[in-house]
Amino acid sequence: MAVVSEDPVREWILSEGNATQITRISPVGGGCINRASHYDTDAGSFFVKTNRSIGPSMFEGEALGLGAMFETGTIRVPKPFKFGPLPTGGSYIIMEFIEFGSRRSNQSVLGRKLAEMHKAGKSEKGFGFEVNNTVGSTPQINTWSSDWIQFYGEHRLGYQLQLALDQYGDSTIYEKGQRLVKSMGPFFDNVVIEPCLLHGDLWSGNISSDKNGEPVILDPACYYGHSEAEFGMSWCAGFGGSFYSSYFEVMPKQPGFEKRKDLYMLYHYLNHYNLFGSGYRSSAMSIIDDYLRMLKA
């Protein structure tokens, strides 16, 4: 059995991180699930997240997602270096420290770079990801599938609907939601859907810019899916007209895009309902009811 170092973060920084001295450790605010720190060393800076109660599988998902996005060579993301267990329980991840700039990223550049990532990040295995991961703190099932409608219905909408039933006993949203899942196929008629690498949780809190003004995206919930699913959090991402026009120059808009937009938002509204409570239920229910009316289902 492998022995876990007393301080695996320090050990890695002073060996594989090529540092001989850690000069300062500063807390970084902003996260609500993990504790974040900025490590200054004589070999540069590192960003470290720790969680005292969750094992390394969560950070494995983040590291693999960041690594996959980094490998596309498109939009800037922190390069992941190492993740693992902490000796007292919990886990850690070490990644590149990016100094953020004072202004928001240029919307047009963000749209183009995101589209370039979607175009470059392809999978021959279909829809899914190498491991299950989390969206917020909710498990996200990424079992490979060759059928996008089945994948999205079962592992995205279906999973959240089951969670609402188990957590709140909400049979109304579950039953209506399942009716939608079973009848949503026509919204994908005449659409070619290729598995694209998605960030998976793209809202304003996960979008920044470096000191040169280049967009940076972080805290992913990556998987390979329909490119349009990336806009599922657009209700709190602040994407403007220049973002979409630049995006669609690289990844052309597909027929029926507007009709599918709320279908992709529904996943995240359901997740917010399951994470944060009834304040998000009406938004999710309204989307389901609108689609059922449209489908006469």
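1. A salt bridge is taken here as a side-chain nitrogen of Lys or Arg within 4 Å of a carboxyl oxygen of Asp or Glu. By this rule Glu130 pairs with Lys125, with the closest N and O atoms 3.3 Å apart. Glu130 is partly exposed at 47% relative accessible area, and Lys125 is partly exposed at 48%; buried means under 20%, exposed over 50%, and partly exposed in between (1.4 Å probe, protein chains only).

2. The model is predicted: local features need pLDDT of at least 70, side-chain atom pairs count only at pLDDT 80 or more, and totals for chains, interfaces and linings use all residues. Residues are numbered from 1 along each chain as its sequence is written, and side-chain values use heavy atoms, with hydrogens and water left out.

3. The count of salt bridges comes to 15. One of them joins Glu62 and Lys49, whose closest N and O atoms are 2.8 Å apart. Glu62 lies in helix H2 (residues 57–71) and Lys49 in strand S3 (residues 44–51), 13 residues apart; helices (H or I, at least four residues) and strands (E, at least two) are DSSP runs, numbered from the N terminus. Glu62 is buried, with a relative accessible area of 8%, and Lys49 is buried, also with 8%.

4. Glu96 and Arg76 form a salt bridge through their side chains (2.8 Å, N to O). Glu96 lies in strand S5 (residues 91–96) and Arg76 in the loop between H2 and strand S4 (80–85), so the pair ties together parts 20 residues apart in sequence.

5. The whole structure holds zero disulfides, a disulfide being a pair of cysteine sulfur atoms within 2.5 Å. For Cys222, the nearest cysteine sulfur is that of Cys196, 13 Å away. Cys222 is buried, at 1% relative accessibility.
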